[in-house]
Amino acid sequence: MESWAGHRVPRLPGAGRPVRLYDSARQGVHPSRPRGAATMYVCGITPYDATHLGHAATMIAFDLVNRAWRDAGHPVRYVQNVTDIDDPLLERAARDREDWVVLAMRETALFREDMEALRILPPERYVGAVESIPAIVARVEDLLAGGAAYRLADGSGDVYFDIAASPRFGYESNLDRARMLELFGERGGDPERAGKRDPLDPLLWRGARGGEPAWDGGQVGPGRPGWHIECATIALDLLGTTIDVQGGGNDLLFPHHECSAAHAERLTGEYPFARHYVHAGMIGLAGEKMSKSLGNLVFVSRLRADHVDPMALRLALMADHYRADRQWTDDLLKVAQQRLARWREAVATPVGPAGAPVLERVRDRITDDLDTVGAIAALDAWAEATLAGDRSDPGAPTLIRSTADALLGIAL
Ligand code: 5CA
Ligand code: ZN
């Protein structure tokens, strides 16, 4: 699939720092230690509706990781998927009497536009599930041949992963079995399905059904891919055996990231699949998680059409810590708009207070598990001092402009 257009990132003087991130598996903040190029796989959209502010917030969080790594001198290899075949997409298309392919293409195109407007650096590879089917089939064949997968005996052609083949199952999410069962049922799993070895076994391949799209699955049989094997396959094939960051919103902690890690580790024999499992908090509206199924969405494209500056949107979504579940409010946007205007006014002056310590402070805060609150406070303080008349450093406005651009993705 086509990715979206990027932009030039200014180089900052001095040295960037090692990036420290919270890892859900170890339940603590640890430095990421990329060996050469840093590798990151982020779980992208299921394109049955337009990009909402929750998607945007999650993509911004991982864009900050990308920018911090680059600042530290690492080339970044970043891959993101599009789940362009799955139950929710087919259900929406059926509801609206629309061709599911047309729906997916339209919403993916809109997502690209939104990402570009928000100045999210594009992934090196932006990959759909459909185009990955031959690769996924090869992985399912491999799991079947190795005894880690089984075919249901009911003639459906459905193939499941046997979680007993994954002795560490549960290490990524740190949840007890009761909670796993609950979440599995809520998030696309089928704990009640008869004939499975364990209610938590996830679907690898769904055998062809009348009225549903299906692909040639070789020895696996005709059908379509399961969700977790999609992300495991794409990440392994494009980034290699062990990746630095597996990312997404915290709604993917279980079962999605647990199961993709279990698949990948069984396929490669290497542990862990990801050195860091990084999860962004959920953006909600009026106390509810913003989600397509609840229908309580604020779309990025809607706000853009209303002439909201995407930079203000970006600032608003960075005003609290990325891991916090938080609510979207009109007030959040107003504050960000005022902040953006102050920063722009300040960098438009020819001189300001010293810029270098501000750059160091922003670097320090961002590399401490993406502390955007601290980074924004440092830029606020500089802008207020400038506007109050502290004008000692003629290089400062340019440096601050580059700092906001390179590290926060904010064009002033
Ligand atoms: N296609 C799968 C991932 S492989 C999926 O979860 N798609 S999605 O469209 O539902 O979400 C796309 C990304 O946005 C995921 O990383 C998801 O965790 C994140 N996300 C979804 N809803 C929210 C929300 N309300 N707040 C923050 N992030 C969200
Ligand atoms: Zn995924």
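In this predicted model, Glu113 lies in helix 3, which covers residues 100-117. Glu113 is partly exposed; its relative accessible area is 45%. From Glu113 to Gly155 the sequence separation is 42 residues. In space, the C-alpha atoms of Glu113 and Gly155 are 43 Å apart.

The zinc ion (ligand 2) has three protein residues among its donors. Cys43 and Cys231 coordinate the zinc ion through SG, and His256 coordinates it through NE2. The distances for these residues run from 2.1 to 2.3 Å. Four donor atoms surround the zinc ion (ligand 2), and they subtend angles of 102 to 118 degrees. The arrangement is therefore tetrahedral. For reference, the ideal angle for four tetrahedral donors is 109.5 degrees. The spacing of the donor residues in sequence reads C-x187-C-x24-H. Cys43 sits in the loop between strand 3 (38-42) and helix 1, whereas Cys231 sits in helix 6 (residues 227-239). The pair therefore ties together parts that are 188 residues apart in sequence. Both Cys43 and Cys231 are buried.

One joins Phe254 and Pro255, with omega about 0 degrees. Pro255 belongs to helix 7, residues 253-268. The other runs from Tyr271 to Pro272, with omega near -5 degrees. Pro272 falls in the loop between helix 7 and strand 11 (274-280). Most peptide bonds are trans.

An open sheet contains three strands in the order 13-12-14. Its pairing is mixed. Strand 13 (288-289) and strand 14 (326-327) form the edges. Each edge strand has a single partner, so one side of each is left without a neighbour in the sheet. Strand 12, residues 283-285, pairs with strand 13 in the antiparallel sense. Two bridges make up this pairing. Within it, Gly284 stands opposite Lys289 of strand 13. In general, strands of a sheet pair through backbone hydrogen bonds.

Positive phi values occur at two residues other than glycine, His307 and Leu370. Most residues other than glycine have a negative phi. For His307, phi is near 65 degrees. His307 is part of the loop between helix 8 (300-305) and helix 9. With a relative accessible area of 74%, His307 is exposed. For Leu370, phi is near 55 degrees. Leu370 is part of the loop between helix 11 and helix 12.

Arg363 is placed in helix 11. What is the burial state of this arginine, Arg363? Arg363 is buried, and its relative accessible area is 1%. Its side chain makes polar contacts. A polar atom of the Arg363 side chain lies 3.1 Å from the backbone oxygen of Pro13. The side chains of Arg363 and Glu360 are joined by a polar contact of 2.9 Å. Leaving aside residues up to four places away in sequence, Arg363 touches Leu12, Pro13, Gly14, Ala15, Gly16, Arg17, Asp71 and Leu407.

Helix 12 has 16 residues, 372-387. At 1.5 Å a residue, helix 12 should span 22 Å. The end C-alpha atoms are 22 Å apart, which agrees. At the start of helix 12, a side-chain oxygen of Asp371 comes to within 3.3 Å of the backbone nitrogen of Val373. Just after helix 12, Gly389 adopts a positive phi of about 105 degrees. The buried residues of helix 12 are Thr372, Gly374, Ala375, Ile376, Ala378, Leu379, Trp382, Ala383 and Thr386. An α-helix has 3.6 residues a turn, so residues three or four places apart point the same way.

Conventions. Residues numbered from 1 in each chain as written. Chains lettered and ligands numbered in written order. Predicted model: local features only at pLDDT ≥ 70, side-chain atom pairs only at ≥ 80, totals over all residues. Heavy atoms only, no water. Helix = DSSP H or I, 4+ residues; strand = E, 2+ residues; numbered from the N terminus. Expected span 1.5 Å × (residues − 1). Buried < 20%, exposed > 50% of the residue type's maximum accessible area, 1.4 Å probe, protein only. Polar contact = N/O pair within 3.5 Å; in protein donor to acceptor, adjacent residues only side chain to side chain. Donors = N, O, S within 2.8 Å, 3.2 Å for Na, K, Ca; no water. Tetrahedral: all angles 85-135°; square planar, octahedral: opposite > 155°, others 65-115°. Pairing = 2+ DSSP bridges. Contact = heavy atoms within 4.5 Å.
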